[in-house]
Amino acid sequence: MLFKQQALLRQKLFVLGSLAIGSLLYLATRVGSLDRPQPICPIEGRSGSHIPEQIPLRTLQFKRGLLHELRKGNATTEQIQLHNLVQQLPQAIIIGVRKGGTRALLEMLNLHPAVVKASQEVHFFDNDPSYAKGIEWYRGKMPFSHPHQITIEKSPAYFITEEVPERIFKMNSSIKLLLIVREPTTRAVSDYTQVLEGKERKNKTYYKFEKLAIDPNTCEVNTKYKAVRTSIYTKHLEKWLKYFPVEQFHIVDGDRLITDPLPELQLVEQFLNLPPRISQYNLYFNATRGFYCLRFNIVFNKCLAGSKGRIHPDVDPSVVTKLRKFFHPFNQKFYQIIGRTFNWP
Ligand code: A3P
């Protein structure tokens with residue numbers, strides 16, 4: 001009897017012991033893999049890259065630490081010197097278009113270890129008083145980064161502001177320009193929704209979209225309405241093409257960035273001559289938000305603010321049809337210029 005009980009006890013101890021050893025081994029490998037220096041991946045030979053031969057992938061981790069503090073103005077001069085950090089003028093700019101998905105694009109590109117974003121919209125080139133402060137003022141608005149990283153800023157008003165192409169050209173004639181677009185009518189409604197929300201916040205009343213988008217005298221599309229004008233992409237792009245060749249632009253499909261962001265981001269990585277580093281791991285669909293959110297690492301992830309992804313008001317279908325018909329020829333011209341077609345009606 002005693003012998004049987006001892007055998008049973010030994011058996012239990014053996015099972016418990018195996019479980020404990022297994023857990024310890026698992027933890028050791030997990031912790032080990034976190035501590036282990038990340039591999040340095042070689043970059044495929046691409047011409048014209050600003051990125052050096054090797055990119056320390058740990059930068060991504062670093063970004064959430066010191067650089068985060070730097071952006072908040074919390075780092076000391078010693079830290080900046082120690083890490084050889086610099087404030088660089090942007091090598092690429094997201095020039096627009098408003099409500100195209102510019103914030104999502106910037107935040108998603110910031111997942112890349114070689115990219116550092118300017119968190120705020122700087123509005124340097126479209127705002128005369130800011131522009132008058134000069135290029136060093138602009139540089140001062142840029143985040144600190146390692147010299148091998150590229151800085152990206154976004155100010156969606158750049159795309160539609162007359163003076164901006166020339167001003168950017170004067171700063172850097174070979175800068176890379178990113179433009180994210182959505183189906184023009186949806187973008188116009190999104191634009192309207194943002195303004196409407198602002199009015200409601202101030203307890204003000206506002207016109208219905210239909211009233212603004214259609215001229216009541218002619219019953220035609222009201223081209224004086226800014227939300228309509230902004231969606232005539234070809235008109236704005238043509239002004240930029242007086243300064244920059246079309247190869248210097250990359251057009252991002254904002255509708256696809258919503259439904260399937262990774263392929264769009266991979267195209268941008270190629271355009272920026274960056275090694276492919278953003279992966280499906282970095283993007284996960286959040287059913288509550290109804291959008292993809294960002295995963296930086298095992299502990300840090302985030303979704304965009306609630307102001308991104310508003311519910312649009314219902315718009316009279318006949319007005320939608322009229323607008324789509326109106327935009328159609330402009331869209332065709334836009335496709336021709338950029339050499340890419342979208343599934344817009
Ligand atoms: P809506 O609010 O009309 O849905 P911008 O940043 O240029 O203002 O663009 C805002 C748009 O980004 C939103 O328009 C939303 O549809 C789109 N968007 C794209 N990807 C998103 C994401 N992952 N999370 C939230 N919004 C996203």
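Arg 187 forms a salt bridge with Asp 191, with the closest N and O atoms 3.0 Å apart. A salt bridge here is a side-chain nitrogen of Lys or Arg within 4 Å of a carboxyl oxygen of Asp or Glu. Arg 187 and Asp 191 both sit in helix α8 (residues 184–201), 4 residues apart, about one turn of the helix. Helices (H or I, at least four residues) and strands (E, at least two) are DSSP runs, numbered from the N terminus. Arg 187 is buried, and so is Asp 191; buried means under 20% relative accessible area, exposed over 50%, and partly exposed in between, with a 1.4 Å probe and protein chains only.

A word on the ground rules: this is a predicted model, in which local features need pLDDT of at least 70 and side-chain atom pairs count only at pLDDT 80 or more, while totals for chains, interfaces and linings use all residues. Residues are numbered from 1 along each chain as its sequence is written, and side-chain values use heavy atoms, with hydrogens and water left out.

**Helix α8, continued**

Thr 185 is also found in helix α8. Thr 185 counts as buried because its relative accessibility is 2%. What does Thr 185 contact, leaving aside its neighbours within four places in sequence? The residues in contact with Thr 185 are Val 320, Leu 323, Arg 324 and Phe 327, where contact means heavy atoms within 4.5 Å.

**Salt bridges**

The count comes to 17 salt bridges by the rule above. Here are three of them, including the pair that opened this report.

| Pair | Closest N to O |
|---|---|
| Arg 103 and Glu 107 | 2.8 Å |
| Arg 187 and Asp 191 | 3.0 Å |

Arg 103 and Glu 107 both lie in helix α4 (residues 102–109), 4 residues apart, about one turn of the helix. Arg 103 counts as buried at 17% relative accessibility, and Glu 107 counts as buried at 4%. A network of salt bridges links Arg 103, Glu 107, Lys 117 and Lys 302.

Arg 167 belongs to helix α7 (residues 164–171) and Asp 128 to helix α5 (residues 128–132), so the pair ties together parts that are 39 residues apart in sequence. Arg 167 is buried at 15% relative accessibility, whereas Asp 128 is partly exposed, with a relative accessible area of 47%.

**The buried side of α7**

Which residues of α7 are buried? They are Val 164, Pro 165, Arg 167, Ile 168 and Met 171. These residues cover an arc of only 165° around the axis, which puts them on the same side of α7; the arc is that of the directions from the helix axis to the C-beta atoms. The cover over the buried residues of α7 includes β4 (92–96), α5, α6 (135–140), β8 (176–181) and α11 (233–240).

**Hairpin and surface patch**

Strand β10 (residues 283–286) and strand β11 (residues 291–295) run antiparallel, joined by 4 bridges; two strands pair if DSSP finds at least two bridges between them. Phe 285 has Tyr 292 in β11 as its bridge partner. β10 and β11 form a hairpin with 4 residues between them, and Gly 290 in the turn has a positive phi of about 80°.

Val 299 lies in the loop between β11 and β12 (301–302) and counts as exposed at 71% relative accessibility. Tyr 281, Ile 298 and Val 299 form a nonpolar patch on the surface, with about 340 Å² of accessible area together. Patches are made of residues with over 30% relative accessible area and no salt bridge, with like charges joined within 9 Å and nonpolar side chains (Val, Leu, Ile, Met, Phe, Trp, Tyr) within 5 Å. Accessible areas come from the Shrake-Rupley method with a 1.4 Å probe, and for residues only the protein chains shown count as cover.
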